[in-house]
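Subject: Structure handover

Hello,

Here is the structure I said I would pass on. My notes on it follow below.

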Amino acid sequence: MSKIPVVETFVDENPAKTNLLGMSQAVLAAFFVGLGEKPFRANQVMKWIYQSGVDDFYQMTNLSKKLQDKLARVATITPPTVKFKKFSEDGTRKWVFEVAGGSLVETVLIPADDNKQFGRKTLCISSQVGCALDCAFCSTGKQGFERDLSASEIIGQLWVANQSYMQDVPIAERQNMVTNVVMMGMGEPLLNYEPVVTSMQLMLSDFGFGLSKRRVTLSTSGIVPKMYDLAKDIDVALAISLHAPNDALRNELVPINKKYPLADLMAAAKAYVYDENPRHKKHVTIEYVMLKDVNDTDAHAHELVALLQDLPCKINLIPFNPFSHAPYARSSNNRIHAFSQILSQAGFVCTVRQTRGDDIDAACGQLVGQVADKTRRAQRWQQRVASHTTA
Ligand code: SF4
């Protein structure tokens with residue numbers, strides 16, 4: 001078992017107080033013991049925070065007035081600051097959060113097709129400010145990497161999303177509306193391992209958000225050693241951002257492939273699925289962005305079939321969302337259909353992701369990058385585009 005440290009650091013807007021949001025159950029219990037209280041107080045407070053959306057200790061009615069006073073003096077429940085929010089006609093919701101230090105991260109909620117009040121709502125959560133991995137088709141990658149998010153900044157995104165449905169609902173009648181979480185926003189979650197695992201533990205905990213392990217998905221571009229750690233530390237669904245069926249193309253599209261090539265990645269994916277613990281029935285989804293004339297030919301589809309033949313998985317094709325100065329275009333619907341047919345005929349369950357929320361720039365890959373596009377690579381592209389238009 002890899003080590004998840006018991007002591008964690010929390011970024012707190014009020015450094016005089018301890019932010020309880022994002023604390024693991026064990027750390028919160030130790031916090032209460034440190035206050036001279038019983039450890040079970042942690043479970044009570046977690047339920048108020050994560051199940052009732054309460055951030056005011058004086059609304060936690062099963063705590064004594066003395067304990068409420070004590071908590072109000074030394075502790076806080078503080079999510080990242082909402083800098084911008086926009087709710088789309090189709091039910092999509094988007095938030096831009098300002099985190100400690102002034103950086104921006106983005107969170108997107110996408111409802112199921114029917115957009116029913118209690119229907120499926122999937123929240124795409126960020127794990128880092130920017131990303132170091134510089135995938136060629138990704139808007140976030142072009143921003144470069146700023147810093148890891150703390151557990152409070154990660155779980156705070158889910159807390160705020162649920163809160164947005166709780167306004168005007170009496171505390172006793174509140175319930176969380178987000179049904180699914182994907183760690184698929186800004187950043188590579190396995191490069192911010194401990195806060196991400198702590199956050200996912202809070203998502204699964206009966207005292208936390210209580211989500212089913214099948215409804216929490218971590219998406220990785222393939223940080224192979226951490227995939228083995230993840231299999232031991234927590235039971236969640238795994239998505240792999242594959243995007244290419246051979247090393248030469250993947251080296252170009254997902255540069256981390258040069259460090260962890262496909263043979264290593266496939267071995268780690270199989271190890272994740274075939275976990276020795278029979279209670280862990282792991283699921284793997286292969287994510288494949290459809291880039292016109294780059295990775296979308298019939299030959300690529302057949303190569304993908306051969307690559308994945310021994311890996312039980314489903315395949316999710318993602319129509320590319322072009323962004324400013326992106327060097328790629330979206331594959332046509334006919335091409336995506338033909339590609340998916342080859343995969344389906346080979347026996348794979350293959351879905352095509354619907355693009356939603358385009359009207360608020362909430363489609364995947366268009367995160368805060370649109371606000372802060374600042375790597376040299378973006379500048380190079382701009383120069384290239386400018387030289388083509390003036391030639
Ligand atoms: S696709 Fe994911 S891993 Fe790659 S640059 Fe974008 S955020 Fe980072």
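C131 counts as buried because it has 26 C-beta neighbours inside 10 Å; the cut-offs are 20 or more other C-beta atoms within 10 Å of a residue's own for buried, 12 or fewer for exposed, and partly exposed in between, with C-beta atoms placed from the backbone. Please note that this is a predicted model, in which local features need pLDDT of at least 70 and side-chain atom pairs count only at pLDDT 80 or more, while totals for chains, interfaces and linings use all residues. Residues are numbered from 1 along each chain as its sequence is written.

C131 lies in the loop between β7 (128–130) and β8 (145–148), where strands are DSSP runs of E with at least two residues and helices are runs of H or I with at least four, numbered from the N terminus. Beyond its neighbours within four places in sequence, C131 contacts T140, G141, F145, M186, G187 and E188 (contact: C-beta atoms, placed from the backbone, within 7 Å).

C138 is in the loop between β7 and β8 and is buried, with 25 C-beta neighbours inside 10 Å. The unreviewed UniProt entry gives the feature "binding site" at C131, C135 and C138; such annotations may be inferred rather than shown by experiment, feature names are shortened, and positions are in the numbering used here.

Elsewhere, α4 (residues 151–163) meets α5 (residues 193–204). On the α4 side the contact is made by A151, I154, I155 and L158, and on the α5 side by P195, V196, T198, S199, L202 and M203.

Regards

Notes:
Axes fitted to C-alpha atoms, helices over the stretch in contact; angles between N-to-C directions. Contact = placed C-beta atoms within 7 Å.
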